[in-house]
Amino acid sequence: MKTANAIKTLEKAGFKVVSPYKGFFSALSQSGKNVIEFLDQDDVMLCVKVRGVKNVDDHHTDYAAGSWCKNLRQAMLLAS
């Protein structure tokens, strides 16, 4: 899916999308409890992940927070 289309879809569904740095996007759900994160490469959305707001990765213990999704629709269902 094109990144621009993914951002429009998320905003239309009520998510607040931000890009803290180039190539990385984060979308906060309306409830404020879940975050959808994804990468952008050549205007294509990659590596879609859903996690809780307070649940973060810990690289020292090999803990990966959240769940990886096959597509944006699955991520939006998990985040709702």
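Asn-34 is buried, because its relative accessible area is 18% and buried means under 20% relative accessible area, exposed over 50% and partly exposed in between, with a 1.4 Å probe and protein chains only. The residue belongs to strand β3, residues 34-41. Strands (E, at least two residues) and helices (H or I, at least four) are DSSP runs numbered from the N terminus.

A polar atom of the Asn-34 side chain lies 3.0 Å from the backbone oxygen of Ala-79. Contacts, defined as heavy atoms within 4.5 Å, link Asn-34 to Ala-27, Leu-28, Ser-29, Arg-51, Gly-52, Val-53, Leu-78 and Ala-79, residues up to four places away in sequence not being counted.

**Basis of the values**

The model is predicted: local features need pLDDT of at least 70 and side-chain atom pairs count only at pLDDT 80 or more, while totals for chains, interfaces and linings use all residues. Residues are numbered from 1 along each chain as its sequence is written, and side-chain values use heavy atoms, with hydrogens and water left out.

**Aromatic pairs**

The structure holds 2 aromatic pairs. Rings of Phe, Tyr and Trp (its six-membered ring) pair if their centres lie within 6.5 Å; planes under 30 degrees apart count as stacked, over 60 as edge-to-face and the rest as tilted. The pair of Tyr-21 and Phe-24 is stacked, because the ring centres are 5.1 Å apart and the planes meet at 10°. Tyr-21 counts as exposed, at 52% relative accessibility, whereas Phe-24 is buried, with a relative accessible area of 14%.

Phe-25 and Phe-38 also form a stacked pair, with 5.3 Å centre to centre and 15° between the planes. Phe-25 lies in strand β2 (residues 24-28) and Phe-38 in strand β3, so this pair ties together parts that are 13 residues apart in sequence. Both Phe-25 and Phe-38 are buried.

**Sheet and helix**

Five strands form an open sheet in the order β1-β2-β3-β4-β5, with antiparallel pairing. At its edges are β1 (16-21) and β5 (67-68), each of which pairs on one side only. Two strands pair if DSSP finds at least two bridges between them; the antiparallel strands β2 and β3 are joined by 5 bridges. Ala-27 stands opposite Ile-36 in β3.

Helix α1 (residues 3-12) lies across β1, β2, β3 and β4 (44-52) and runs at about 165° to β3. Axes are lines fitted to C-alpha atoms, for helices over the stretch in contact, and angles run from 0 to 180 degrees between N-to-C directions.

Conventions:
Polar contact = N/O pair within 3.5 Å; in protein donor to acceptor, adjacent residues only side chain to side chain.
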